[in-house]
Amino acid sequence: MSILDIREAKAEDLEAIIRLHEEDELGSHGDAWTPETKPVYEAAFAAIARSAENVLFVAVDGSEVVGTFQLTFIPNLTGRGTLRVKVESVKVKAARRSGGIGAKMMTFAEDYARSRGAKAMELTSNKTRKDAHRFYERLGFTRSHEGFKKKL
């Protein structure tokens, strides 16, 4: 691996980001980059870019997007007004996993969150992703809550 650059995503990264989600059967949520779906992804990207509470990042090796994640900053009344950050949509290109990219992305995410004043970092992970759970625990995350979702 050459020097990994982690930066805010640009519009021209969008297809590569969706392709990372596309290759993940469990976490793809039916994502696919097609002429029909391109407008909805562009609209979602624009909404993220307009939001002061959301930042979408890519990890780039040379000119190749090899990873992505999104940070959402959540003001909270509990914990004396603690600002939390939620890490979402963490993906590393399948062929590049276990090479340290994910750890570098999470270290970057933690440093970035601290720089914005966040005092807590949280994420969710599908219950079947045992390797991911071990990865997050190695990084210091603890299993503290049970998550729930409901499709609307």
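1. The second pocket. Helix α4 gives the most to the lining of the second largest pocket, with 3 residues. The model is a predicted one, and the pocket is a computed feature with a volume of about 190 Å³. Its lining consists of V85, E110, A113, R114, A118, K119, A120, M121, L139, G140 and F141. Two elements, α4 and β5, each give two or more residues to that lining. By class, the lining holds 7 nonpolar, 1 polar and 3 charged residues.

2. The sheet. Five strands make an open sheet in the order β1-β2-β3-β4-β5. The pairing is mixed. The edges are β1 (4-8) and β5 (120-123). Each edge strand has a single partner, so one side of each has no neighbour in the sheet. On average, neighbouring strands are turned by 25 degrees against each other, direction ignored.

3. The β2-β3 hairpin. How many residues lie between β2 and β3 in their hairpin? There are 2 residues between them, and G62 in the turn has a positive phi of about 70 degrees. The two strands pair in the antiparallel sense over 8 bridges. V58 stands opposite T68 in β3.

4. The β3-β4 pairing. Strands β3 and β4 are antiparallel too, with 8 bridges. Two positions can be checked directly on the model. Q70 has E88 in β4 as its bridge partner. P75 has L83 in β4 as its bridge partner.

5. The β4-β5 pairing. In which sense do β4 and β5 pair? Strand β4 (residues 83-92) and β5 pair in the parallel sense, over 4 bridges. K86 faces E122 in β5. The bridge partner of V87 is L123, again in β5.

6. Burial of β3. Of the 12 residues of β3, 9 are buried, so the strand is largely enclosed by the rest of the structure. Helix α4 is one of the elements to look at here. Helix α4 (residues 101-115) lies across β1, β2 (54-61), β3 (64-75), β4 and β5. The helix runs at about 30 degrees to β3.

7. G102 in α4. This glycine sits in helix α4. Is G102 buried or exposed? G102 has a relative accessible area of 14%, so it counts as buried. Leaving aside neighbours within four places in sequence, G102 is in contact with V92 and F135. G102 and L20 are 82 residues apart in sequence, and their C-alpha atoms are 13 Å apart in space.

8. L56 in β2. L56 belongs to strand β2. Its relative accessibility is 12%, so it counts as buried. Which residues does L56 touch, not counting those up to four places away in sequence? The list is R7, E8, A9, I17, F45, I48, T68, F69 and Q70. One of these contacts, R7, is 49 residues from L56 in sequence, at 8.6 Å from C-alpha to C-alpha. Another, Q70, is the residue whose bridge partner in β4 is E88.

9. Backbone check at R80. R80 is not a glycine, yet it has a positive phi of about 60 degrees. The residue is found in helix α3 (residues 78-81). With a relative accessible area of 87%, R80 is exposed.

10. Backbone check at S89. S89 also carries a positive phi, about 55 degrees, although it is not a glycine. S89 is placed in strand β4. Where does S89 stand on the scale of accessibility? At 35% relative accessibility, S89 counts as partly exposed, the class between the buried limit of under 20% and the exposed limit of over 50%.

Definitions and conventions:
Residues are numbered from 1 along each chain as its sequence is written. This is a predicted model: local features need pLDDT of at least 70, side-chain atom pairs count only at pLDDT 80 or more; totals for chains, interfaces and linings use all residues. Side-chain values use heavy atoms; hydrogens and water are left out. Two strands pair if DSSP finds at least two bridges between them. Axes are lines fitted to C-alpha atoms, for helices over the stretch in contact, and angles run from 0 to 180 degrees between N-to-C directions. Contact means heavy atoms within 4.5 Å. Buried means under 20% relative accessible area, exposed over 50%, partly exposed in between (1.4 Å probe, protein chains only). On a 1 Å grid over the protein atoms alone, a cavity is a set of points where a 1.4 Å probe fits but cannot get out, and a pocket is an open set with protein on both sides within 12 Å along at least five of seven lines; lining residues have an atom within 4 Å of a point. Grid points are joined across faces, edges and corners, and a volume is the space filled by probe spheres set on the points. Ala, Val, Leu, Ile, Met, Phe, Trp, Tyr, Cys and Pro count as nonpolar, Asp, Glu, Lys and Arg as charged, and the others, Gly among them, as polar.
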